Amino acid sequence: ETKILKVDPKSILFSETAHIDGSLPTITDPETEQNLLEAAKIIRETENTVGFPTETVYGLGGSSLNDKSVLNIYKAKNRPSDNPLISHISSIDQLNRKIYGQESCTDVLQNIPQIYRSLTEKLWPGPLTILLPVPHHSTLSKLTTADQPTFAVRIPSNPVARALIALSDTPIAAPSANQSTRPSPTLASHVFHDLKGRIPLILDGGACTVGVESTVVDGLVSPPLLLRPGGFTWEQIRSMGGPQWANCKVENKKTVSEGEKVRTPGMKYRHYSPQAKVILFAPQEGDAPLEERLETVKSVIKDHARDVSGFAVLSSLTFPDSLLDDARGVYRCLGNSNTEIQANLFAFLRQVDEMPNVDIIFVEGIDEEGEGLAVMNRLRKAASNNVVSF
Ligand code: TXA
Ligand code: MG
């Protein structure tokens, strides 16, 4: 049995410096406090895992320090265990004590390399994940790091996530709380759908506001790398990181070159995939008038939808609902800005995928600027090699 317990993020109050000094939050709603304590006890005292909200997506958390907890995470979501996990901490103080084993530090920031200081100062708590060298007598489970010389760490900004980590006083390893290969969860109901019967507890703190996972950066190489586009944009990382980040490179930036119709991203794992086939339309630069470009889209939809019982169209900024003159199709608009599109992406993919007759999901992609880079990264993976330029 999987319990869902409600928590109210607005009732959890942290001081300005809590993410540095580790001071505990004030929780004004007794039910929220009780439910958080129940979840924190599972993390601290058992090898079980808990579903919980972060600002990006829901996470499936267990102690980063305990092999069995980490194993249970991989097991619950069927994730290949050579894919390392992010350790979520509530404060730098907790990082020092629990991961570096340092009870008192003269300089609280001593374990944050200079290269990250500007980013962590401006963007933590928040959807930024950094890589740090695994310390010599590390308390981290080797399963968290998949035996790598570095580990990934972030301080989330969602009050429920922060409180859970602070109250358990344990670094929490947490991938997204979906079945491996499925779209990431942005609601507690998504977690329940994918993991019911496999985990004891889900904290329901409402919808995730960011909607894609954290931005993962590696400052231990030169030039620094953006390993995964996410909640903070590449532009933000470059402008806020200080001089060395100005020429930060994007690992594997995928763009469709001109005239290229279908591309095959060489990826190790299937990812973000609904059951239905996804066909992604990627906007092309050029002067072709929109009407003409939409004619291309219409004919591609017509071709692919010929033999299916139903399909969905997820539009972004330009596809009108008049694109659809076929009663078998459902139309949804992902949003009117990149931020909205990013926030709704996973929920809408799941929503139309649940509809009994939807065999194909056509999605209108966006330019890879700002949030567009993370959105297109997820959509290209969801679409596997089915990308059509328009
Ligand atoms: O927003 C998020 O980051 C969410 C929420 C729950 O916090 N978590 C999440 O975790 O997306 P996951 O496991 O799905 O993604 C972790 C990413 C993967 O791309 C993984 O390869 C990378 O971080 N990663 C972790 N440790 C690494 C390491 N030592 N070196 C390189 N990449 C690493
Ligand atoms: Mg994931």
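Is Tyr272 buried or exposed? I looked it up: Tyr272 has 4% relative accessibility, so it counts as buried (buried means under 20% relative accessible area, exposed over 50%, partly exposed in between, with a 1.4 Å probe and protein chains only).

Ground rules I jotted down: this is a predicted model, where local features need pLDDT of at least 70, side-chain atom pairs count only at pLDDT 80 or more, and totals for chains, interfaces and linings use all residues. Residues are numbered from 1 along each chain as its sequence is written, chains are lettered from A and ligands numbered from 1 in the order in which they are written, and side-chain values use heavy atoms, with hydrogens and water left out.

Next I checked where Tyr272 sits: in the loop between strand S13 (249-250) and strand S14 (277-282). Helices (H or I, at least four residues) and strands (E, at least two) are DSSP runs, numbered from the N terminus.

Then I listed what Tyr272 touches beyond four places in sequence, and found Ser184, Glu213 and Phe346 among them (contact means heavy atoms within 4.5 Å).

I followed up on Ser184, which is in the loop between strand S9 (172-173) and helix H8 (188-195). Ser184 is buried because its relative accessibility is 1%. Its contacts, leaving aside neighbours within four places, include Val57, Ser176 and Arg350.

Last stop was helix H7 (residues 159-168). Nine of its ten residues are buried, so H7 is largely enclosed by the rest of the structure. Just after H7, I noted that Asp169 takes a positive phi of about 40°.
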